[in-house]
Amino acid sequence: MTVLDHTADPTSVARSLLGLNTAYFQAKALQSAVELGLFDVLAEQPATTDALCSRLGLHPGRAADFLDALVGLGLLERKDGEYANHPGTAEFLVSGGPRYLGDSIAQHARLHYRNWGSLTQVLTGGPAEGHKDFRKDFENLDNVRRLMGHMDVFNSFVAHELDRLVDWSRHSTFLDVGGARGNVAAHLVRTHGHLTGGVFDLPAVKPLFDEHMAALGTASKVRFTAGDFFADPLPPADAVILGHVLHDWPPAARQKLLERVHDAMRPGGIVVVYDAMLDDERDDARSLLQSLNCSIMRDGGSEYTVAECRGYVERAGFRFESAERIESLTGDRVLIAGKPS
């Protein structure tokens, strides 16, 4: 991803730089629309500026610019003085649907935006503005619910790719370590009827796991094990998934976790790792900024290259099999390695 065309005329380069400098204008307009519940209101019926001001408590002097900017961004449509959701984005912005992105957008508004605001401070060795021990996010069920919704946004786009990359006919059980409320696990057992699965995550997640599995009708096929994956025993399984987990931890911790997975896994099993792994050339801005986001949000976190991940799994005793980029929201790569029989 390259933002600037350095061969363009000076005015175009300067305009691109200013656009980059104010890109947060667009992000905050989207985030505020989600936080206000605008897209859900417009899913009921189109509405005028006055109606939206009354319904959402918008400032009359600012509402028109805000709403028309959302039209210009392609998020809303305007016809005969009324606003409506754009049909091309509504499925991602109206709550309740399987592709809803709002939980992640709200999480970025609530937490990530504030932390990125202190990037200069972080780069010079200071703490992020809103940084705290991640375990505090699990002390309140509402916080856990918001976090699980944020995580589901990303893993739901990965689950279908795991169908393509993994030969599930060779396995009968799997364990999703750090698998949140079981979104990926539910997809796998519904798609592959012979599979039974498990999710290993912190105890605070269990009520939301139970709720999610009941809603999806997969409670009998996926079980939850509560614990700390660095300290507590991992249940045995034919396949173990580590999705968007390793990038939260420093290299030594990644190595330790993979060794624990290897020790718990049955011979002939596989480990499936997915993250927004970096190119060896380190020229993909999207992945590099995602890596920086990991380090801002979690001390010691970062993305890593495929070669580095291959080193982790091989030192843990696995045999590398494959690594492939997939169509996901963060441009993930999936690495698969097997435990010799």
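Is histidine 244 buried or exposed, and what is its relative accessible area? Histidine 244 is buried, with a relative accessible area of 18%, where buried means under 20%, exposed over 50% and partly exposed in between (1.4 Å probe, protein chains only).

The model is predicted, so that local features need pLDDT of at least 70 and side-chain atom pairs count only at pLDDT 80 or more, whereas totals for chains, interfaces and linings use all residues. Residues are numbered from 1 along each chain as its sequence is written, and side-chain values use heavy atoms, with hydrogens and water left out.

Begin by selecting histidine 244, in the loop between β6 (239–243) and α12 (251–264); helices (H or I, at least four residues) and strands (E, at least two) are DSSP runs, numbered from the N terminus. Its phi is positive, at about 55 degrees, although histidine 244 is not a glycine.

Next, select histidine 247, which lies in the loop between β6 and α12. Histidine 247 counts as buried because its relative accessibility is 7%. An unreviewed UniProt entry annotates His247 as "active site"; such annotations may be inferred rather than shown by experiment.

Proceed to alanine 180, in the loop between β3 (173–177) and α10 (183–191). Alanine 180 has a relative accessible area of 0% and is therefore buried. Its phi is near 55 degrees, a positive value in a residue other than glycine.

Finally, select aspartate 280, in the loop between β7 (270–275) and α13 (285–297). Aspartate 280 counts as exposed because its relative accessibility is 56%.
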